[in-house]
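Take a moment to look over the whole structure before reading on. The paragraphs below go through it piece by piece.

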Amino acid sequence: MSQRVGIIGFGQTYHRSRRDDVTGIELINEAVRSALEDAELTIKDIDAVVIGNMDHFEAVNYVDTWSVDGSGAWMKPLIKLTTGGTTGSTLGIAGYHHAASGLFDVVLVIGWEKNSESDTTGAIITCSDPIFDRFSFSGALPGLAVEASAYIKRYGITEEDAARVAVRDRTHGANNPYAQLQTPVTVEEVMKSPMLSWPIKLLDICPRSDGAAAVIFAGERKARQMCPQPAWVHSTAVRHSHAYFCDVNYEELHTLEGAVRELYDHVGIKEPLKELDVVELYQPYSFAGLKWIEAMGLCKPGESPRLIWDGATDMGGELPFNPSGGVICTNCIGATGLLRIGEAALQVMGRAAGRQVPDVNLALATGFGGAYWSDLMLLGRRPW
Amino acid sequence: MDKDELIHLHVDVDLPYRWAAGRYGSIMLKALRDEKKILGNCCPQCNKVYVPPRVVCGPCFVAPDEVVELSDTGTLAGYSVVNYPFIDPETGQKRPVPYTYAYIQLDGCDSYLSHLIDETDPARLSPGMRVKAVFRSDADRVGRLQDILHFKIIE
């Protein structure tokens with residue numbers, strides 16, 4: 001009964017720091033209409049809907065039912081998923097599972113967030129254990145900064161190395177009309193930006209965005225009927241590793257290491273730097289663009305600055321990262337992981353317009369949650 | 001529609017919770033309150049020592065049933081000096097900044113403890129530094145992790 005699955009449509013909103021003109025339901029509807037238009041389908045073609053966000057940001061904990069008009073899920077099979085930072089990648093993986101099971105042929109997957117509706121850091125803190133983590137936990141920035149503090153000390157990484165990663169993503173973001181931040185920045189500007197949570201400065205970190213994304217997955221028969229070049233799902237991997245923030249292994253991102261090992265082994269990738277064609281990395285801050293590409297096996301630990309300064313991960317480089325501008329340019333959190341999948345799909349389909357990497361055969365999309373867990377989805381031009 | 005005409009509703013929510021610390025959490029928090037001791041527990045299979053003590057070792061999925069006393073000194077593993085304001089969901093108020101959020105590996109323990117350091121100059125902090133717990137006074141300890149006021153640098 002199981003079937004191969006391809007992505008046949010992708011839609012997103014024009015992401016902004018505030019979308020005062022729409023409710024969450026209206027925002028969701030914009031992305032859904034855009035995805036249906038992209039795939040040249042109507043809502044009648046959709047067999048099931050998967051939706052999610054980080055519901056403590058908007059404090060509407062009944063999102064599946066509440067948004068049913070906007071999502072188009074009225075009287076259809078519908079499920080809501082929330083996994084923190086990885087919500088968007090979880091949604092994509094769940095959409096793939098729905099279609100791959102053969103129980104549903106065409107599955108609409110929606111991720112969204114209106115970060116402007118609450119205090120983002122305050123809301124994020126409510127993800128943590130109330131007895132042992134919450135009084136000291138300070139949200140995403142310091143949660144990431146502790147990783148950076150250990151990493152830069154261990155390998156002699158400089159703040160300029162990280163700034164160069166931010167410069168790359170901000171440069172790429174200028175090619176993406178949907179990105180919230182479309183203005184390139186320089187290393188000097190990153191270095192001079194206000195220190196928010198040492199060693200993370202304002203221009204090292206992602207913004208808060210209002211936005212939504214929708215991706216349509218289809219089983220092989222329908223995908224071939226409905227789309228001239230689907231982005232075929234080759235493999236997915238998920239790793240979670242701990243209960244408390246204080247359990248995290250800050251020396252290695254072993255969830256990402258474990259996930260890429262499973263995925264590379266599954267599809268036979270030996271040299272990811274050569275064999276992958278583009279990566280949409282869930283990279284919420286610049287230092288992750290160094291340490292995490294080491295976890296992905298692109299170079300040895302501590303050697304990532306050379307790849308970054310050489311431009312290996314720039315557009316036109318050996319393995320371009322984040323042609324969309326990535327998370328540093330847009331972060332509507334419940335949509336963020338799904339944007340990585342949607343943008344990777346556009347690259348495989350050859351429909352990424354001004355941000356297209358030439359001749360993409362394999363595109364990797366990742367997801368990351370604040371408690372250092374990792375999701376992956378590998379997409380390819382031919383069915384796996 | 002004109003921006004000025006768009007309506008927003010601003011609501012502050014006061015929503016009380018009552019959280020269980022659980023069996024091992026209660027053992028730990030009582031020792032903190034009554035004896036100024038930090039307790040962890042040890043997995044009989046992998047010998048890993050955890051703080052806070054817990055009902056199961058995740059990797060082995062067995063009960064770490066041996067409770068062990070940990071040192072009040074340890075090593076700074078990672079940290080950040082927080083400079084930006086935000087609403088603390090614990091209080092509903094802005095949390096005062098700057099302060100230093102840190103992960104501390106207590107001597108004799110394999111996991112870290114999330115806590116605070118009483119030093120906010122990044123130039124005077126470094127991973128690997130030795131730190132020691134500063135407890136609140138007897139009257140101010142109520143059986144929560146904040147019964148440790150913060151950690152101080154001891155070198």
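**The sheet of chain A**

Nine strands of chain A form an open sheet with mixed pairing, in the order 3-2-4-7-1-8-11-10-9. Its edge strands are strand 3 (78-80) and strand 9 (278-280) of chain A, and each of them pairs on one side only. From one strand to the next, the twist averages 25 degrees. Keep in mind that this is a predicted model. It scores ipTM 0.90 and pTM 0.96.

Now find two neighbours in that order. Strand 1 and strand 8 of chain A are antiparallel and share two bridges. At this pairing, A:Gly6 stands opposite A:Trp232 of strand 8 of chain A.

Strand 8 (residues 231-239) of chain A also pairs with strand 11 of chain A. Seven bridges join these two strands, which run antiparallel.

On to strand 10 (residues 362-369) of chain A. Strand 10 pairs with strand 11 of chain A over eight bridges, again in the antiparallel sense. Here A:Gly369 has A:Trp373 of strand 11 as its bridge partner. The two strands form a hairpin with three residues between them. In this hairpin, A:Tyr372 takes a positive phi near 65 degrees.

**A covered strand**

How many residues of strand 11 of chain A are buried? Eight of its eight residues are, and the strand (residues 373-380) is mostly covered. In a regular strand, side chains alternate between the two faces of the sheet. Strand 11 of chain A can be read that way. A:Trp373, A:Asp375, A:Met377 and A:Leu379 point one way. A:Ser374, A:Leu376, A:Leu378 and A:Gly380 point the other way. The residues of both sets are buried.

At 1.5 Å a residue, the 16 residues of helix 1 (residues 24-39) of chain A should span 22 Å. The end C-alpha atoms are 23 Å apart, which agrees.

Twelve of the 16 residues of this helix are buried, so helix 1 of chain A is largely enclosed by the rest of the structure. Among the buried ones are A:Leu27, A:Ile28, A:Val32 and A:Leu36. Charged side chains are on the list too, including A:Glu30 and A:Asp38. The buried residues of helix 1 pack against strand 1 (5-12), helix 3 (68-71), strand 4 (106-114), strand 7 (210-219) and helix 9 (220-226) of chain A. After the helix comes A:Glu40, whose phi is positive, near 55 degrees.

Helix 4 (residues 87-100) of chain A lies across several strands, including strand 1, strand 2 (48-52), strand 4 and strand 7 of chain A. Helix 4 runs at about 170 degrees to strand 4 of chain A.

**A buried aspartate**

Look next at a loop. A:Asp204 lies between strand 6 (200-201) and strand 7 of chain A. Is A:Asp204 buried or exposed? A residue counts as buried if 20 or more other C-beta atoms lie within 10 Å of its own. A:Asp204 has 29 within that distance, so A:Asp204 is buried. Some of its contacts come from elsewhere in the sequence. A:Asp204 and A:Ser286 are 82 residues apart in sequence, but 5.1 Å apart in space, C-alpha to C-alpha. A:Asp204 also touches A:Ala162, A:Ala166, A:Val190 and A:Tyr285.

**Chain B and the contact**

Chain B averages a pLDDT of 94, and 100% of its residues score at least 70. Chain B has an open sheet of three strands with antiparallel pairing, in the order 2-1-3. Strand 2 (49-50) and strand 3 (66-70) of chain B are at the edges with a single partner strand each, so one side of each is left without a neighbour in the sheet. Strand 1 (residues 38-42) and strand 2 of chain B pair over two bridges. There, B:Cys42 stands opposite B:Val49. Helix 1 (residues 22-35) of chain B packs on this sheet, touching strand 1 and strand 3 of chain B.

Finally, see where the chains meet. The contact takes 34 residues from chain B and 35 residues from chain A. On the side of chain B, strand 4 (73-82), strand 5 (99-106) and strand 6 (113-117) each supply at least two residues. Strand 4 of chain B gives the most, with six residues. The residues on this side of chain B divide into 20 nonpolar, ten polar and four charged.

Key:
Residues numbered from 1 in each chain as written. Chains lettered and ligands numbered in written order. Predicted model: local features only at pLDDT ≥ 70, side-chain atom pairs only at ≥ 80, totals over all residues. Helix = DSSP H or I, 4+ residues; strand = E, 2+ residues; numbered from the N terminus. Expected span 1.5 Å × (residues − 1). Contact = placed C-beta atoms within 7 Å. Pairing = 2+ DSSP bridges. Axes fitted to C-alpha atoms, helices over the stretch in contact; angles between N-to-C directions. pLDDT = per-residue confidence, 0-100. Lists of a residue's contacts leave out its neighbours within four places in sequence.
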